[in-house]
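Me: Could you walk me through this protein model, starting with a single side chain? I am new to reading structures.

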Amino acid sequence: MDTSIATAPSSTSSAAASKAASEPKQGKAPTLFQILTKANIDWCRYCGTTEGVNWRPGPWGKRTLCNKHGCDFKGYGFACKLPRLDLTSYAHETVDQRIRPVLQHFCHGCQSQESTTGNVMVRCEGCPKAFHQKCHGETFISDEIALSEKPWFCDESCKENVKKRRVCVELPKKRLPLMSTPKPATAATTGPLAAAGSAAEVVRSRGLRVSISGETTAPSARSK
C-alpha cells in the first residue's frame, strides 16, 4: 500500500522559482561601445564617457580609463595615494572583450548585479546605464522590452549619442560600484612624532620636568 502523501510546493520553493536567475537583456550587436572602439574613439571602460583630455591606463591597456577613474584606479591625486577603484577582476580581459562599460553590469538604481525573472537587467544602448525592470523610476520596463532583442534607450538623448558617437556621463553623487574609501592612517603608522609624544606623556605622568637642555629634575617643593 502506497502511504506517500502528495504535498503542495512550499512557499519558499515557489518564491525561489519566481526569482530564478535570468540573463540581462543583450540588445543589439555591435554595441555603441564596440563601434567606438572600431572607430578608434577613446572611451572609459569603467564609466563609458568619451569626453576627456587626459586618458589613463587600466587593466585593458593604455588610454582605457578617463582621467578621473584612471586616477582612482592607480591612486593618483593629492587627497589619497591609495587605489580607490578595484578592477582586479577584469585583469584577464583584453580591450576587445570589453564591449560595454563596467557600470552596465550594475543597476543604476540599486547597484545590484542580479538579474532575475520578472526583474531583468535592461541595458541602455546609448549610455552606460542599466536598470532592473522595477528600478527605472516610476516607469516599469515591460517584459515585451526586457525579453526582446530590440535596442532600448533609457532617454531620448541616448539615441543622439549613437548618431554622434559620443557619450557624456553625469555620475551620481552616491558611491559607485567597485569604489571604496581607503582607511585613514592609524596611530601605529604615524611615525616617530607619535612615539615622541607618548614618551613625553610618560615623563609628565611621573611628575618629572624635562628642561630645554635635556636635564631631568625632580619636581619642586612648591609643586608638592
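**Rings, charges and a pocket**

Me: Is Phe33 buried or exposed?
Reply: The relative accessible area decides: under 20% is buried, over 50% is exposed and anything in between is partly exposed, using a 1.4 Å probe and protein chains only. Phe33 has a relative accessible area of 2%, so this residue is buried.

Me: What kind of model is this, and how are its residues numbered?
Reply: This is a predicted model, in which local features need pLDDT of at least 70 and side-chain atom pairs count only at pLDDT 80 or more, while totals for chains, interfaces and linings use all residues. Side-chain values use heavy atoms, without hydrogens and water, and numbering along each chain, as its sequence is written, starts from 1.

Me: How are the rings of Phe33 and Trp43 arranged?
Reply: Three aromatic pairs are found in the structure. Rings of Phe, Tyr and Trp (its six-membered ring) pair if their centres lie within 6.5 Å, and planes under 30 degrees apart are stacked, over 60 edge-to-face and the rest tilted. Phe33 and Trp43 have ring centres 4.9 Å apart and planes at 45°, so their pair is tilted.

Me: How far apart in sequence are the parts that this pair, Phe33 and Trp43, ties together?
Reply: Helices (H or I, at least four residues) and strands (E, at least two) are DSSP runs, numbered from the N terminus. Phe33 sits in helix α2, while Trp43 belongs to the loop between α2 and β1, so the parts joined are apart in sequence by ten residues.

Me: What is the angle between the planes of Phe131 and Trp152?
Reply: Phe131 is in strand β4 and Trp152 in the loop between α4 and α5, so this pair ties together parts 21 residues apart in sequence. Both Phe131 and Trp152 are buried. The pair is edge-to-face, at 6.3 Å centre to centre, and the angle between the planes is 85°.

Me: How many residues separate Arg166 and Glu51, which form a salt bridge?
Reply: Side chains of opposite charge can pair when their charged atoms come close. A salt bridge here is a side-chain nitrogen of Lys or Arg within 4 Å of a carboxyl oxygen of Asp or Glu, and the count comes to eight. Between Arg166 and Glu51 the closest N and O atoms are 3.8 Å apart. Arg166 is in the loop between α5 and α6, Glu51 in the loop between α2 and β1, and their separation is 115 residues.

Me: Are Arg98 and Glu93 buried or exposed?
Reply: These two form a salt bridge with closest N and O atoms 2.7 Å apart. Arg98 has 5% relative accessibility and Glu93 has a relative accessible area of 14%, so Arg98 and Glu93 are buried.

Me: About how many helical turns separate Glu156 and Lys159?
Reply: Glu156 and Lys159 form a salt bridge, with the closest N and O atoms 3.7 Å apart. Glu156 is exposed at 57% relative accessibility, whereas Lys159 is partly exposed at 37%. They are three residues apart in helix α5, so the separation is about one helical turn.

Me: Which helix gives the largest share of the lining of the largest pocket?
Reply: About 410 Å³ of space lies in the largest pocket. Among its 22 lining residues, Cys127, Pro128, Lys129, Val169 and Glu170 are the closest to its centre. On a 1 Å grid over the protein atoms alone, a pocket is an open set of points where a 1.4 Å probe fits, with protein on both sides within 12 Å along at least five of seven lines, and lining residues have an atom within 4 Å of a point; the volume is the space filled by probe spheres set on the points, which are joined across faces, edges and corners. The largest share of the lining, three residues, comes from helix α5.
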